[in-house]
Amino acid sequence: PCRVLSGIQPTGRPHWGNYFGAIRQYIDLQENNQGFYFIADLHALTTVRDAEALRQHVIDTSLDLLALGLDPKKATLFVQSQVPEVSELCWILLSGTPMGLLQRCVAYKEKMDKGLPADAGLFSYPVLQAADILAYDSQLVPVGADQVQHIEVCRDIAQRFNHQFGDTFVLPNASVLDDSAKVPGTDGEKMSKSYDNTLPLFGTTKKIRKQIMRITTDSRPMEDPKEPEGDHLYQLFSLFASEDQKQEMAAKYRGGGFGYGEVKKAVAEASEEHFAKAREKRLELEQNLDYVHQVLADGATRAREVAAGVLSRAQKACGLR
Ligand code: ATP
Ligand code: MG
């Protein structure tokens with residue numbers, strides 16, 4: 001068994017990319033490991049500047065995770081800001097982290113390249129993330145491909161500290177799924193809560209179908225053959241399809257004479273079936289918010305116990321005690 005940790009930002013509602021890249025791993029890994037999964041509200045503060053919206057996203061994301069199968073009897077589910085030890089550890093790690101290391105991080109670089117305003121929170125984001133991971137002696141961090149660089153930064157920060165002050169932190173490894181490391185959104189770019197290109201996990205069938213119909217396609221004439229690899233609609237179809245179903249669809253692409261509408265319909269039907277149970281479960285949970293609040297409170301207590309131990313170890317190592 002190993003210590004597994006991962007977080008999701010309450011910057012909007014979780015989507016297919018979050019599920020197939022990360023959440024699905026949380027649920028598989030909770031079986032034989034010690035899972036710590038959190039709603040990263042401190043991270044979300046760099047984008048969500050509306051108190052009511054942030055509170056709502058935290059509850060919605062918790063409901064989504066529980067509905068999808070995260071089991072609080074098997075894993076610890078909590079809200080990041082309820083473990084203040086992590087913020088303290090973050091400060092300890094900020095000292096000693098070279099500016100250059102953070103300047104190379106993509107999330108920050110992308111914003112700068114686009115000429116968007118970036119704040120010091122976004123710049124130091126990978127250090128808070130390192131504190132999240134290190135505070136629980138995490139060995140494995142299930143994530144999508146976009147987070148691999150940040151796990152490397154975390155290892156780098158931990159190694160520097162261990163080198164200067166003696167063995168203190170466990171070095172984590174990323175766990176990334178080959179077939180869904182970067183799920184495309186409706187526009188073919190990485191599906192992201194902040195890009196308005198997401199396909200939702202929950203909602204009415206009608207609304208979700210409408211979103212699926214929004215998936216962009218090229219204007220290929222019906223009779224033209226097309227290569228499925230690299231087509232984002234085909235990639236989205238593949239998320240739900242068996243090997244046989246994928247080959248059948250690939251053959252249709254290569255043979256020509258089919259319409260994209262047909263593929264979208266198949267995607268809609270497959271996704272409805274895939275998430276039907278979770279959608280039912282969510283409706284139940286919505287009626288039982290007290291239970292959800294209790295789960296988060298218990299989770300925070302358990303998480304704090306672990307984080308306090310690691311914080312104290314780090315404080316002693318660097319001379320703060
Ligand atoms: P934001 O746009 O606010 O950053 P996001 O959609 O990127 O939101 P996060 O909360 O940052 O979602 O990420 C939660 C987890 O989901 C992370 O492990 C991340 O790597 C993974 N993830 C996010 N988008 C995708 C995607 N398109 N494909 C696969 N994994 C993804
Ligand atoms: Mg993200």
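Which residue is the bridge partner of Ile 39 in S3? The partner is Val 79.

The structure is a predicted model, in which local features need pLDDT of at least 70, side-chain atom pairs count only at pLDDT 80 or more, and totals for chains, interfaces and linings use all residues. Residues are numbered from 1 along each chain as its sequence is written, while chains are lettered from A and ligands numbered from 1 in the order in which they are written.

Helices (H or I, at least four residues) and strands (E, at least two) are DSSP runs, numbered from the N terminus. Strands pair if DSSP finds at least two bridges between them.

| Pair | Sense | Bridges |
|---|---|---|
| S1 (residues 3-8) and S2 | parallel | six bridges |
| S2 and S3 (residues 75-79) | parallel | five bridges |

Arg 3 has Gln 34 of S2 as its bridge partner. Strand S2 spans residues 34-39, and five of its six residues are buried (20 or more other C-beta atoms within 10 Å of the residue's own, with C-beta atoms placed from the backbone). Together, S1, helix H1 (residues 16-29) and S2 form a right-handed β-α-β unit; with the strands pointing away from the viewer, the path from the first strand over the helix to the second runs clockwise.

Around ligand 1 there are 22 residues, of which Thr 11, Gly 17, Gly 21, Gly 144 and Ser 194 come nearest; a residue is near if its C-beta atom, placed from the backbone, lies within 6 Å. H1 provides the largest share of this shell, four residues, and S1 and H1 each supply at least two.

Note on methods
Buried ≥ 20, exposed ≤ 12 C-beta atoms within 10 Å, placed from the backbone.
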